[in-house]
Amino acid sequence: MSPDGGHRHFHDQLDALKRTLIDMSEKAERLVELSVEALLEHDAGKAQAVIAGDKTLDALEIEVEQAAIALLALQQPMARDLRFIVAAIKVSSDLERVGDHGVNIAQSALRLIEMKSNITPDPEIQDMARRARGMLSDSLDALIRADGALGRAVCRADDAVDALQDSTFRILLTHMMESPQRISEALELLLVGRNLERVADLATNIGEDAVYLAEGKQIKHHFEDRNVEDRSTSAAG
């Protein structure tokens with residue numbers, strides 16, 4: 001194969017890897033959406049569909065890992081391509097975990113249906129679900145386009161989801177104190193909120209990976225801020 005042919009083959013494989021990641025992200029987002037629909041509509045069929053659909057994400061994670069490892073081993077990529085391939089392995093794991101959280105929500109929905117619960121999930125839970133799905137979609141866009149600004153916006157959006165989770169906790173705690181017989185139902189909704197918060201956290205991880213891909217800067221755990229502080233301290237010394 002000519003050098004140009006090899007280069008073209010590499011980018012074809014890289015494009016295929018990106019398409020698989022996008023497909024995986026869309027499926028993960030849909031599982032979260034379907035699980036919340038199952039909760040709101042008391043729909044056991046939708047909950048079971050989420051549980052069954054998670055197997056597809058498991059298979060896609062393996063597909064991404066194998067494709068990424070093959071590219072690393074055979075093509076020896078450099079610079080941004082190398083960072084993207086390494087990020088793809090991490091992101092596929094995050095997306096698989098998003099699916100797991102969708103399954104957890106679906107299982108809570110099934111338990112609430114079994115309890116014949118008529119407790120109405122608070123608007124905060126619906127808002128959390130909408131925001132978490134949006135973050136997930138934006139984080140993948142940021143990664144695929146190497147858009148550092150969008151990646152940072154995703155990270156900032158996590159604060160609103162955390163605030164909604166805190167609000168949900170306070171509301172449900174009040175319900176439990178006023179109606180102790182509904183504690184089990186309220187606890188299930190607390191679990192739902194926690195799982196949605198974790199989806200937003202995973203989207204944040206992907207947003208951080210997008211910033212690293214675009215800018216070569218590590219912002220996880222405020223790493224970038226610590227480096228600035230370290231340099232300032234060294235200069236002062």
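Start by selecting Leu95, which touches Leu21, Met24, Ser25, Ala28, Leu57, Leu136, Leu140 and Ile206, leaving out residues up to four places away in sequence; contact here means heavy atoms within 4.5 Å. This is a predicted model, in which local features need pLDDT of at least 70 and side-chain atom pairs count only at pLDDT 80 or more, while totals for chains, interfaces and linings use all residues. Residues are numbered from 1 along each chain as its sequence is written, and side-chain values use heavy atoms, with hydrogens and water left out.

Next, the core around Leu95. Leu95 is among the residues with the most contacts inside the largest nonpolar core, together with Leu17, Leu21, Phe84, Ile85, Leu143 and Leu196; this core has 61 residues. A nonpolar core is a set of buried Ala, Val, Leu, Ile, Met, Phe, Trp, Tyr and Cys residues joined through side-chain atoms within 4.5 Å. Colour by helix: H1 (3-41), H2 (44-75), H3 (79-114), H4 (123-145), H5 (148-178) and H6 (183-215) each supply at least two residues of this core. The largest share, 13 residues, comes from H6.

Zoom out to the whole chain. It has seven helices and zero strands, where helices (H or I, at least four residues) and strands (E, at least two) are DSSP runs numbered from the N terminus. Of the 237 residues, 43% are buried; buried means under 20% relative accessible area, exposed over 50%, and partly exposed in between, with a 1.4 Å probe and protein chains only. Among contacts between residues at least 6 apart in sequence, 84% join residues at least 24 apart.

Now select Ser35, in helix H1. Is Ser35 buried or exposed? It is buried, with a relative accessible area of 0%. Apart from neighbours within four places in sequence, Ser35 is in contact with Val50, Gly102, Ile105 and Ala106. A polar atom of the Ser35 side chain lies 2.7 Å from the backbone oxygen of Val32.

Move to Ser108 in helix H3, which counts as buried at 1% relative accessibility. Which residue does the side chain of Ser108 meet in a polar contact? The partner is the side chain of Glu188, at 2.8 Å. A polar contact is a pair of N or O atoms within 3.5 Å; within protein, one must be able to donate a hydrogen and the other to accept it, and residues adjacent in sequence count only if both atoms are side-chain atoms. With residues up to four places away in sequence set aside, Ser108 touches Glu188, Leu191 and Val192.

Two loops come next. Lys116, in the loop between H3 and H4, has a positive phi of about 55 degrees although it is not a glycine. At 71% relative accessibility, Lys116 counts as exposed. Ala146, in the loop between H4 and H5, is also not a glycine and has a positive phi of about 50 degrees. At 16% relative accessibility, Ala146 counts as buried.

Finish with the charges over rings. Lys18 lies over the face of Phe84, at 5.3 Å from the ring centre. Arg83 lies over the face of Tyr212, at 5.6 Å from the ring centre. A charge sits over a ring if NZ of Lys or CZ of Arg is within 6 Å of the ring centre and within 35 degrees of the ring normal.
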